[in-house]
Amino acid sequence: MKKIIFFGFLILICFPLASDGEQMRGLKAMQLSECGQAVADFKKFLREARHCQADKDCVVMEGMCPLGCKFYVHKIFQTIVEKRKASFKGICNNVCAVKCEKENIKLECNHNKCEKVK
């Protein structure tokens, strides 16, 4: 019995089930999947946070990659948005290819949603 266990252990050491590269690709895919779900959840939350009654309700918030460059939300949601943004630091690392540009944005409450004035 000890010989069988020893040979099983020896086989696992000499012939691993997955290479380091395969394990890293699997880990990266899992992280991207987790990131994608987190982004989808955040964007759903942002859709709700955009509801307004008047132009003065709306504020522009700095976004972050991969969530978007700017968020247009009701001012009562600012603190919640900041906290939720902070939770992304460990989930979506290095998933960005877009650089956000600085711009002055004016918002309006259009059909009860905060939107950029066109």
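This is a predicted model: local features need pLDDT of at least 70, side-chain atom pairs count only at pLDDT 80 or more; totals for chains, interfaces and linings use all residues.

Q: Which residue in β4 does C109 stand opposite?

A: In a regular strand, side chains alternate between the two faces of the sheet. Here C109 stands opposite C114 in β4.

Q: How many disulfides does the structure hold, and which residue forms a disulfide with C109?

A: There are two disulfides. C109 is bonded to C52, with the sulfur atoms 2.0 Å apart. The torsion about their S-S bond is about 105 degrees, so this disulfide is right-handed. Because C52 lies in the loop between α2 and β1 and C109 in strand β3, the pair ties together parts 57 residues apart in sequence.

C58 and C114 form a disulfide with sulfur atoms 2.2 Å apart. This link of C58 and C114 is left-handed, with -85 degrees about the S-S bond. It connects strand β1 to strand β4, across 56 residues.

Q: Are C58 and C114 buried or exposed?

A: Both C58 and C114 are buried, as are C52 and C109.

Q: Which residues touch the most other members of the largest nonpolar core?

A: In soluble globular proteins, nonpolar side chains tend to be buried together. In this core of 16 residues, F42, L67, F71, V73, V81 and F88 touch the most other members. Its largest share, seven residues, comes from α2. Another core, of seven residues, lies apart from it and includes C52, C58, Y72 and C109.

Terms used: Residues are numbered from 1 along each chain as its sequence is written. Side-chain values use heavy atoms; hydrogens and water are left out. A nonpolar core is a set of buried Ala, Val, Leu, Ile, Met, Phe, Trp, Tyr and Cys residues joined through side-chain atoms within 4.5 Å. Buried means under 20% relative accessible area, exposed over 50%, partly exposed in between (1.4 Å probe, protein chains only). Helices (H or I, at least four residues) and strands (E, at least two) are DSSP runs, numbered from the N terminus. Two strands pair if DSSP finds at least two bridges between them. A disulfide is a pair of cysteine sulfur atoms within 2.5 Å.
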